[in-house]
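This report sets out a residue-level reading of a single protein chain. Please consult the sequence and coordinates shown below while reading.

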Amino acid sequence: MHVSDIVRSVNGRDRGRYFLVIAEEEPFVYLSDGRTRRVERPKKKKRKHVEFVTHCELEIGEKPPANSEVRKALAACIPVDSSSSKGGI
């Protein structure tokens with residue numbers, strides 16, 4: 001997993017949600033989805049609690065991307081699967 005990869009959370013209350021890796025620091029990655037987890041306050045999560053989905057073409061340099069760019073990148077890169085919706089009983 002590297003910066004600008006799309007990952008899916010496999011553990012925690014955000015299980016099943018897709019994120020963009022905006023930074024990495026062993027053994028953690030910093031995740032943003034541009035909505036609930038904005039670039040200004042990324043989610044710090046252990047690598048073993050996320051799974052790689054695909055690589056995104058969004059370039060992330062020293063300056064983090066805008067939240068709107070993160071949302072657009074996720075919408076363009078994540079697979080559409082109606083069975084992965086998060087909901088309660």
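Does Cys77 count as buried, partly exposed or exposed? With a relative accessibility of 25%, Cys77 counts as partly exposed. This value, like every other in the report, comes from a predicted model.

## Overall fold

The chain contains one helix and five strands. Their order along the sequence is β-β-β-β-β-α.

The chain has 89 residues, of which 34% count as buried. Among contacts in the chain with a separation of 6 or more, 49% are between residues 24 or more positions apart.

## The cysteine pair

No disulfide is found in a search of the whole structure. The closest cysteine sulfur to that of Cys56 belongs to Cys77, at 3.6 Å, and this is too far for a bond. A disulfide requires the two sulfur atoms to lie within 2.5 Å. Cys77 accordingly takes part in no disulfide, its nearest cysteine sulfur being that of Cys56.

Cys56 counts as buried because its relative accessibility is 4%, whereas Cys77, at 25%, is classed as partly exposed.

Ser4 is located in the segment before strand S1, which spans 5-9. Its phi is positive, at about 75 degrees, although Ser4 is not a glycine. Ser4 has a relative accessible area of 7% and is therefore buried. Apart from neighbours within four places in sequence, Ser4 is in contact with Leu20, Val21, His55, Cys56, Leu58 and Ile60. Between Ser4 and Ala73, which are 69 residues apart along the chain, the C-alpha separation is 9.5 Å.

Leu20 belongs to strand S2, residues 18-25. Its relative accessible area is 0%, so Leu20 is buried. With neighbours within four places in sequence set aside, the contacts of Leu20 include Ser4, Cys56, Leu58 and Ile60. Further contacts of Leu20 include Asp5, Ile6, Tyr30, Leu31, Ser32, Val70 and Leu74. The C-alpha atoms of Leu20 and Leu74 are 7.1 Å apart in space, and the two residues are 54 apart in sequence.

Lys45 is part of strand S4, which covers residues 43-46. Is Lys45 buried or exposed? Lys45 counts as buried because its relative accessibility is 7%, and the cut-off for that class is under 20%.

Two polar partners of the Lys45 side chain can be named. The side chain of Lys45 reaches the backbone oxygen of Asn11 at 2.8 Å, and it also makes a polar contact of 3.1 Å with the side chain of Asp14. Not counting residues up to four places away in sequence, Lys45 touches Ser9, Asn11, Gly12, Asp14, Pro27, Phe28, Val29, Leu31 and Val50.

Ser9 sits in strand S1. A relative accessible area of 0% makes Ser9 buried. Beyond neighbours within four places in sequence, Ser9 is in contact with Asp14, Arg15, Gly16, Arg17, Phe19, Lys45, His49 and Val50. Asp14 and Val50 are also among the residues touched by Lys45.

Pro27 is found in the loop between S2 and strand S3, the latter spanning 28-32. The peptide bond leading from Glu26 to Pro27 is cis, with omega near -5 degrees.

## The largest pocket

How much space lies in the largest pocket? The volume is about 200 Å³. The residues lining this pocket are Arg17, Tyr18, Asp33, Arg35, Arg71, Leu74, Ala75 and Ile78.

By class, the lining comprises four nonpolar and four charged residues, with no polar ones. Helix H1, residues 67-77, supplies the largest share of the lining, with three residues.

Methods:
Residues are numbered from 1 along each chain as its sequence is written. This is a predicted model: local features need pLDDT of at least 70, side-chain atom pairs count only at pLDDT 80 or more; totals for chains, interfaces and linings use all residues. Side-chain values use heavy atoms; hydrogens and water are left out. Helices (H or I, at least four residues) and strands (E, at least two) are DSSP runs, numbered from the N terminus. Buried means under 20% relative accessible area, exposed over 50%, partly exposed in between (1.4 Å probe, protein chains only). A polar contact is a pair of N or O atoms within 3.5 Å; within protein, one must be able to donate a hydrogen and the other to accept it, and residues adjacent in sequence count only if both atoms are side-chain atoms. Contact means heavy atoms within 4.5 Å. On a 1 Å grid over the protein atoms alone, a cavity is a set of points where a 1.4 Å probe fits but cannot get out, and a pocket is an open set with protein on both sides within 12 Å along at least five of seven lines; lining residues have an atom within 4 Å of a point. Grid points are joined across faces, edges and corners, and a volume is the space filled by probe spheres set on the points. Ala, Val, Leu, Ile, Met, Phe, Trp, Tyr, Cys and Pro count as nonpolar, Asp, Glu, Lys and Arg as charged, and the others, Gly among them, as polar.
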